[in-house]
Structures are given as structure tokens and as C-alpha cells.
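I opened the notebook to go through a few helices and loops. Here is the model I was looking at.

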Amino acid sequence: MTRSTKARLVGPVPWLSLAAALVLWSGATLAQGADKGDQLLDEASSMLSNDMVKLAQTKYRSFLTQYPNHARIAEAQYGIAVCLYRKDDYAGAAAQLRKMLAVSKFRGRDQVLELLSQCYLAAGDYKNARTNLKKLLSDNPSGRHVESARISLAQALYMLDEKAKALDVFEKFVKSYP
């Protein structure tokens, strides 16, 4: 091997590039290690959005076991509830959502109330659906779930044989959306 060939193989530039690559790679690995909980939760959410409900539920449960104090814990709990709902386990989903509502504050509370109400409607528990929907509408009268909550409330009232009230709620809904 000539000196010039040897210099090209072990010269400072290739080794510097390799060292830089290793530093960048190890830094990326450390950053990934710090966000493994986020990665697991993102994987679960992706699976759920791709209708891989059983796998998503497993990932969400794994997240809750491995990261019980993670900042995104409510997101995982809600994900499990959605999985249960999609598997027609309305009682299981409702139990998960009620646990979430027992927590003092978290973002997306109105979304939890809406899904809980849908669980009650699907299970034929119209009284609890009505109670939750009224709470949702009174707590957040201009929120993004208002339209569906009003329609669901009309449905619950109708199924409870409160047809005049159901008609009133539905007519108010129609008037608010000309």
C-alpha cells in the first residue's frame, strides 16, 4: 500500500466524518431514549388511526405500564377508551372514561364527556347519556362538540320518551344552523 493510499484511508477527513456521524447518531439515540414514551404513544395512535385496534390497545396499555407519570398519560387513557368503544365494549370504555373524569383537570375533558355519552347511548343507558350531554353543553356551550352533543341529547330524550323535549332540542339545533 502506498503512502498516499494509506493517507486516503486513515486521513483526518474520513475519520472526522465518521466521528461526527457517531456523535450525531449517539445524540439522536439519546434524544430518542428520552422520548421513548412519546414514540410508543405515537405508534399506538397511528395504529388506532389505521384501524389496528387490538394492537393499538396493547401499545396504549404498555405505555401506561412503562410510563405511569408521563405528561401524556390522559392521551393514552383516552386511546384505550376509543379502542374499547370501537370493539363495542361500551361498558369497558365508559369505565375508562369515568376514571379519566375523576382526575381534576386535563385537556380534552369535553371530548371525554362526549365519548362517554356515546358509550351510554350505544349501551341503551339513555339517562346517563342525557346527564352527561347536559353537563357537556352547560360546561362548554360554545365548544367544538356542541353540535353532536345536541343531536345526541335529542336522541337520548327521544329514547326516554321525552319527545317534546327532544323535538325542542332538535328544533333549536336546526335553527342554529340555517
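This is a predicted model: local features need pLDDT of at least 70, side-chain atom pairs count only at pLDDT 80 or more; totals for chains, interfaces and linings use all residues.

**Entry 1: α7 and α8**

I started with helix α7 (residues 109-123) and helix α8 (residues 126-139), which pack with their axes 8 Å apart at an angle of about 160°. Residues are numbered from 1 along each chain as its sequence is written, and side-chain values use heavy atoms, with hydrogens and water left out.

Helices here are DSSP runs (H or I, at least four residues), numbered from the N terminus. Axes are lines fitted to C-alpha atoms over the stretch in contact, and angles run from 0 to 180 degrees between N-to-C directions. α7 and α8 are therefore roughly antiparallel to each other (that word covers angles over 145 degrees). I noted their crossing as left-handed, which is the term if the near helix is turned anticlockwise from the far one by less than a right angle.

Next I looked up the contact (heavy atoms within 4.5 Å). The α7 side includes Leu113, Leu116 and Tyr120, and the α8 side includes Ala129, Leu133 and Leu136.

**Entry 2: α10 and its neighbour**

I moved on to α10, residues 163-176, a helix of 14 residues. From first C-alpha to last I get 20 Å, close to the 20 Å expected at 1.5 Å a residue (the expected span is 1.5 Å times one less than the number of residues).

Which residues of α10 are buried? I found Ala166, Val169 and Phe173, buried being under 20% relative accessible area and exposed over 50% (1.4 Å probe, protein chains only). They cover an arc of only 65° around the axis, so they sit on the same side of α10; the arc is that of the directions from the helix axis to the C-beta atoms. Ala164, Lys172 and Lys175 are exposed on the other side.

What covers the buried residues includes α9 (146-159). The axes of α9 and α10 come within 7 Å and cross at roughly 160°, which makes α9 roughly antiparallel to α10. Among the residues in contact are Ile151, Ala154 and Leu157 of α9, with Ala166, Val169 and Phe173 of α10.

**Entry 3: two loop aspartates**

I checked Asp161 in the loop between α9 and α10. Its phi is near 65°, a positive value in a residue other than glycine. Asp161 counts as exposed, at 57% relative accessibility.

Asp88 lies in the loop between α5 (73-86) and α6 (90-102). I noted a positive phi of about 65° for Asp88, although it is not a glycine. Asp88 is exposed at 53% relative accessibility.

Conventions:
Angles under 35 degrees count as roughly parallel, over 145 as roughly antiparallel, 65 to 115 as roughly perpendicular and the rest as oblique.
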